[in-house]
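Colleague: I would like to learn how to read strands, hairpins and helix packing from a set of coordinates. Could we go through one case together?

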Amino acid sequence: MSELGFYATALALVACGYAAAAAAYGARTGARRWADSGYRSLWAAAGLLTVAVAVLLHALVTHDFRVAYVVRNSSLATPLPYRISALWGAQAGSLLFWSWLLAGVGCAALRGQRREHPQLAAWANAVLATVLGFFVFLVVIEQPFRTLPFAPADGRGLMPLLEDPGMVLHPPLLYLGFVGLSVPYSFAVAALLTGKLDAGWITATRTWTVVSWLSLGAGLVVGGWWAYRTLGWGGYWGWDPVENAALVPWLVSTAYLHSAVVQERRGAFAAWNLALVVLAFSTAMLGTFLTRTGLVVSVHSFARSEIGPFFLAFVGVLLAASLGLLLWRWEDLRGSPPVDHLLSREGAFLFNNVLFLGFAGGVLLGTMYPLGVQAAGGGQVFVGPPYFQALAAPVGVALLGLMGVAVLLPWRRAGPRTLARFRFPVFFALLVAVGAGVSLRRPGVVAAAAAVAFALGATLHAFHAAGQAGVRTGRGYLHGLAEAFRGQRRRYGGYVVHLGVLVMAVGVVASHAYVREREVLLRPGQSFSVGRYVFVHRGLEQSATALADVTRARVELHEPGRVLPLQPVRLFYPRWGQVVTRPAIRSTLWDDVYLVLWSFQGDGAATLRAWVNPMVRWVWVGALVCGVGAVLTVWPQRKRRPVLLVDGALPLATARTRDGYPAKGRREAAREVLRALRGPREGRVP
Amino acid sequence: MNRLAGLPLLSALLAAVLGWGAAWGSPDLDERVRAVASRLMCPVCEGRTVAESTSELAAQMRAVIREKLARGESEEAVVAYFVERYGQSVLAAPPRAGAGWLLWLAPAVLVGGGAGYVVYRFGRRSPWSWADDGEEES
């Protein structure tokens, strides 16, 4: 059975090689047959990888202990969901799973664009097949289907730390995010190769960009949620190198999502967007490289191997080839329309890019710095939370403030009417700043509070304007809001994401600035307090499961007005020599009480460590709001045909949208007309 | 918008913010221990600060930090004490000195340089006029 998996991956590698060659030839010569053959062989590779994944899943689910991977990553006692998640629980399997995702995403993305942009899609197919081929090559090297000469009676099982719902979700989400970035990347390279440098490649891949941005972000949040509930150190984000490795591409793709809007709308930033997409994909690959090779010291040390050199070479080739292409097209890219004035939404987006890329660069530098010092012959150094927090705090506050500014500013340039919109948000921010300054007394927190208030005021102003437009047309405030979401889903969906970010920001600032913690050795009956909470230790309970020795502390949490039982657990897994702490968490919107059983003695005495983390729940709630907003932006929208009113040679205006604003300015309208006159879009029957 | 209508809402917000802030006081010993502990790396575990680590040694280090701070030593002195015992590698971030400045200043240079370039490149494009008021979204 496992031979089938091996042959399927080997054949998939061949199919990828052929797909890349055929698609490139077809795209170059314009030969439809070769391009189609390329698509079909990418589909074939996807099908073969599906077979391979199915074989490995089957082996995991049916306890086929002849396969070494199954022995290492599952056991008879592993429950079914974790036998399935073992597919991506270790190196070889996760590479296979990754390749399969990439093949699936690639086929789906190309399917939609073959007719619309035949030449772009053919080149994108060649690029995707090359990237996929590299990953399938790694799968072949890693041999997930290697069999043992004899089948042991039982497997070693999945690492106990990974047996958690968060760990079932976290890796696939991150992988989907990384893999999804290959779609805009391949279309960007296709745009460079064909010289079709307008926003076509951006619109062709918009949905996939948002989807991969969303799943990368969701992966990061779920990872934090898992760490918070399992690792027992009271926090959800530790600036660990591997976390950073996923954060950097997320930051870069956030920058890209914003500047892509400028190119779609105003035609500016063409070269910049191509560079950003190349950067996002390269940092994603670099992140994978860091995760997969254990080059940097990290808590994610369960996913290491020797494929490092291949990865480094691949990332190097990608970067060099992409940058070479950019330079080759530089002259064509220089002519993109300029930014009229910095005091405009384009201007705000420029600063957004500066901040996001500065943030990403700082995080990347901090992550790589220890490697650099070691390479230069220095000793072991760490770059940890103090550096990253000093970076994230000011950049984060600036980004929050800019979020408000960008929402308020119009395209092209601001005038008196738009500047008047600043009154309410600025007033609100000042009020909150004064209030926070009087009571909170920490400059950083006051600045963050003011920035959040300003951005909140600005975002609410945008919703309010939509509602008022509804009132003006006589259909009512709510109708206006609904129309805004119906007609301008991307814009208002984006604002919902912004609101979610603001909610998260409150949670992040509060839980970092005002966390309280204490650790105490208690005998049964003794108590200690953190803030207004009193903890009473009532004794220990010992028990054992098939795999672990379980020690449970019975603790009473005395809050003003009520008493709650808390039972933090400490599990010892003799087979792995691993200790897992399961904190007891009492969570409300106001604060989390987080209690860990640190160690214990025979007489029932226990070392307990308690945190009071304010407003952590806001982080999860805000992330959910962000997710809803992001889904809104890509939710299929029925197409509105722009109506052009042409008077002689001059276009007067395009159709008015439902909220009463002109759909596009005159310059845009003129461009629209010129585009229409220049001929039908490539490949479409007129 | 009627500006007066917003005032009660805003004063309520102000009161809420004031009340929120009153719930927390100035940094006490627990918070200072945490501050020092998160500046130190746990020497026996991979990539965790003393504040986060679950190891025995880290727990002992936290106890030492608490003891020293309670005796009135400054946070810097406590950090220096651990650097003397375990070497530079116990620091959770490189000191702001020598090559460390490269790291600490890099983000500021990136952001400052980027913003400077944007202003230089696009800042003087055309004079600003009150008459023009941009375009709304479509």
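Colleague: Which residue in β9(A) does Ser587(A) stand opposite?

Modeller: A caution comes before the answer: this is a predicted model. Ser587(A) faces Asp592(A) in β9(A). The two strands concerned, β8(A) and β9(A), are antiparallel and are joined by 4 bridges.

Colleague: In what order do the strands of that sheet lie?

Modeller: The general idea is that side chains in a regular strand alternate between the two faces of the sheet. Here the sheet is open, with 4 strands of chain A in the order β1-β10-β9-β8 and antiparallel pairing. At its edges are β1 (516–522) and β8 (584–587) of chain A, each of which pairs on one side only. From one strand to the next, the twist averages 15°.

Colleague: How many residues lie between the strands in the hairpin of β2(A) and β3(A)?

Modeller: There are 2 residues between those strands, and Gly531(A) in this hairpin has a positive phi near 60°. Strands β2 (residues 527–530) and β3 (residues 533–544) of chain A run antiparallel with 4 bridges. Within that pairing, Phe528(A) has Phe535(A) in β3(A) as its bridge partner.

Colleague: And what does β3(A) form with β4(A)?

Modeller: They form a hairpin, with 4 residues between them. β4 spans residues 549–559 of chain A, and its antiparallel pairing with β3(A) covers 9 bridges. One pair to look for is Val534(A) and its bridge partner in β4(A), His558(A).

Colleague: Now helices. At what angle do the axes of α1 and α2 of chain A cross?

Modeller: Two packed helices are described by the angle between their axes and the distance between the axes. For α1 (residues 2–29) and α2 (residues 32–61) of chain A, the axes cross at roughly 160° and come within 7 Å. Angles over 145 degrees count as roughly antiparallel, so α1(A) is roughly antiparallel to α2(A). The crossing is left-handed.

Colleague: Why does the end-to-end distance of α21(A) agree with its 19 residues?

Modeller: At 1.5 Å a residue, helix α21 (residues 616–634) of chain A should span 27 Å, and its end C-alpha atoms are 29 Å apart, so the two agree. Its buried residues include Val616(A), Trp620(A), Cys626(A) and Thr633(A). Among the elements covering the buried residues of α21(A) are α9 (200–230) and β10 (606–614) of chain A.

Colleague: What is the secondary structure of chain B?

Modeller: Chain B has 5 helices and 0 strands. Of its 138 residues, 36% count as buried.

Technical notes. Residues numbered from 1 in each chain as written. Chains lettered and ligands numbered in written order. Predicted model: local features only at pLDDT ≥ 70, side-chain atom pairs only at ≥ 80, totals over all residues. Heavy atoms only, no water. Expected span 1.5 Å × (residues − 1). Buried < 20%, exposed > 50% of the residue type's maximum accessible area, 1.4 Å probe, protein only. Contact = heavy atoms within 4.5 Å. Pairing = 2+ DSSP bridges. Axes fitted to C-alpha atoms, helices over the stretch in contact; angles between N-to-C directions. Parallel < 35°, antiparallel > 145°, perpendicular 65-115°, else oblique. Left-handed = near helix turned anticlockwise from the far one by under 90°.
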